[in-house]
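Here is a short briefing on one predicted chain.

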Amino acid sequence: MVVRRTVRRRSAYRAATVTMAGCVMPASRTPQETDVGDVSVADVLAAQARLRRYLPPTPLHYAERFGVWLKLENLQRTGSYKVRGALNALLAGRERGDDRPVICASAGNHAQGVAWAAYRLNIPAITVMPHGAPATKIAGVAHWGATVRQHGTSYDEAYAFARALADQHGYRFLSAFDDPDVIAGQGTLGIELAPHAPDVVIVPIGGGGLASGVALALKSQGLRIVGAQVEGVDSMARAIRGDVREIAPVATLADGVKVKIPGFLTRKLCSALLDDVVIVREAELRETLVRLALEEHVIAEGAGALALAAGRRVAGKRKCAVVSGGNIDAMVLAQLLADIRPRPPRKPRRRASERTRLPLPTALAPPKIPAASPSFVTPSDIAVEETSW
C-alpha cells in the first residue's frame, strides 16, 4: 500500500516559512515578527551552528546488496538521531533564558537524547517511559543521570502523564517531535546529506519530527522526500489523507514509531512537503533488519530498519535511507537472528560500462582440437574470459 501525496511545486519555496497555523507566509517578514512557533530553513541552519561543536556528522554507507545509501544515525551519540532535536531545544531554550528542569515522554530514544543533552548542559531532566520499553534504552537514560519514571503501556499514556507532571511542577515539557526547536534540530541530518546529492531520501515516520526537519532542509533543492511507516502503525499516513481518528497501533518491532496521533505541527509540514508515504509490512521490516545485520554488518533497531525496508518500493538512482537508531535489545536481536532466514539477495547485474568481455569473431575462434590428437596447445590458442571486479 502506497499513499501518494501530490505536492505543488512552489517556485518561491525558498522564500517561504511554514508556521504553526499551517499557513505559508513570506520570509520577507522582519526578524522581529518571527516567534518561536515558526519553523523555517533558517531555523535548521541555526540549529546546525549550535550543534556543530557537540555532534560530529554521522557517516554514509553504501549498502551494495540493497542499492541504497545509508545515513548511519545508529552511530550517533546515544545511538539515535533524537539527540539532535533534544540538544538543539535545550541550547535554544538557554539562549532564551529558560533554565527550567526539562521533562519528556519517550519510548526510549528521545529520552536518551534529552538525558545526554541535559547532562552536557547541567540541566535537571526527568523522562517518562512506558512499561515494556527496551531495557537497553532505560539503561541508557539512567546512565546519563536523568530520572526515569515508567507509566502506561504506550507512548501516548506516558505523554499524558509527563504533561501532567510538567503542569504540576512547572517543568519545561519537551515533545519528542511536535516542537519547533526539536524539528529544526532533526533537520540538521538533511543538511549533512545535501553535499552527497541524493535524488530521494527515505525517512521513518512516527510523530513526524525527523521527516519534517529533513524535508525543510532538502525540499528546496528539488529532492524527493519519502516517509515510511509500518502497517497498522500509520497514523501520519492516515492524517495526511484527512483521517485524524485515534486508532490504537498494533504490536510492532518498530517501537520507536508507535504513535497514535502525530503532532499538529509535524502533520502540517508532512502534508505540505512529503512526496510519498510507503507502508511496510511487519514481515518485511523484520527480514530487512536481519539482512542489514548479516549482509551489511549494521545493527539497527526496528524503526532504524524501516526506511530501508521501504526502499525497495521507491524509485531512484541515488536513494538514501536513514537508519534512525540502533538501540535494539540484545535478546530481541538474538531471537530475530535465530528465527528469520532471509531470502538470498539477487545476483548483481553488471553495468554496461563494466562489461569488458567482447565476443570473438568467428574467424578468430579457437580451433577445435581432435580428441585423439596429442599435439601441444599454447595459451594463445585458448579464449580467456576477463572479468573486472
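Helices (H or I, at least four residues) and strands (E, at least two) are DSSP runs, numbered from the N terminus. On that basis, P59 sits in the loop between α1 and β4 (60-63). The model is predicted: local features need pLDDT of at least 70, side-chain atom pairs count only at pLDDT 80 or more, and totals for chains, interfaces and linings use all residues. Residues are numbered from 1 along each chain as its sequence is written, and side-chain values use heavy atoms, with hydrogens and water left out.

**Overall make-up**

- The chain holds 12 helices and 13 strands.
- Of its 389 residues, 53% are buried. Buried means under 20% relative accessible area, exposed means over 50%, and partly exposed lies in between (1.4 Å probe, protein chains only).
- Contact means heavy atoms within 4.5 Å. Among contacts with a separation of 6 or more, 71% join residues 24 or more positions apart.

**Nonpolar cores**

- A nonpolar core is a set of buried Ala, Val, Leu, Ile, Met, Phe, Trp, Tyr and Cys residues joined through side-chain atoms within 4.5 Å.
- The largest such core has 36 residues, and L70 and L285 touch the most other members.
- At least two residues of this core come from each of β5 (68-72), β10 (200-204), β11 (224-230), β12 (276-280), α10 (282-295), α11 (306-311), β13 (319-323) and α12 (330-339).
- α11 gives the largest share of this core, five residues.
- Beyond its neighbours within four places in sequence, L285 contacts V230, T252, L253, A254, V280, G302, A305, L306 and A309.
- Another core lies apart from this one; its 32 residues include V39, I205, A237 and L269.

**Helix packing: conventions**

- Axes are lines fitted to C-alpha atoms, for helices over the stretch in contact, and angles run from 0 to 180 degrees between N-to-C directions.
- Angles under 35 degrees count as roughly parallel, over 145 as roughly antiparallel, 65 to 115 as roughly perpendicular and the rest as oblique.
- A crossing is left-handed if the near helix is turned anticlockwise from the far one by less than a right angle, and right-handed if clockwise.
- For residue classes, Ala, Val, Leu, Ile, Met, Phe, Trp, Tyr, Cys and Pro are nonpolar; Asp, Glu, Lys and Arg are charged; the others, Gly among them, are polar.

**Helix packing: α3 with α4**

- The axes of helix α3 (residues 109-121) and helix α4 (residues 135-143) come within 8 Å and cross at roughly 15°. That makes α3 roughly parallel to α4.
- The crossing of α3 past α4 is left-handed.
- On the α3 side, N109, A111, Q112 and A115 meet T136, K137, G140 and V141 of α4. This contact has three nonpolar, four polar and one charged residues.

- Helix α1 (residues 41-51) packs on helix α6 (residues 180-193) at about 85°, with the axes 8 Å apart. The two helices are therefore roughly perpendicular to each other.
- From α1, D43, V44, L45, A47, Q48 and L51 make the contact with A184, G185, G187, T188 and I191 of α6. By class, there are six nonpolar, four polar and one charged residues.
- The axes of α6 and helix α7 (residues 209-218) come within 7 Å and cross at roughly 50°. α6 and α7 are therefore oblique to each other.
- α6 passes α7 in a right-handed crossing. The contact of α6 with α7 has nine nonpolar, six polar and no charged residues.

**Single residues**

- P59 is partly exposed, at 37% relative accessible area.
- A135 belongs to helix α4 and is partly exposed, at 48% relative accessible area. Its C-alpha atom is 9.2 Å from that of A330, 195 residues apart along the chain.

**Positive phi**

- Most residues other than glycine have a negative phi.
- T78, not a glycine, has a positive phi of about 70°. T78 is in the loop between β5 and α2 (82-95) and is buried, at 14% relative accessible area.
- N122 has a positive phi near 60°. N122 lies in the loop between α3 and β7 (125-129) and is exposed, at 71% relative accessible area.
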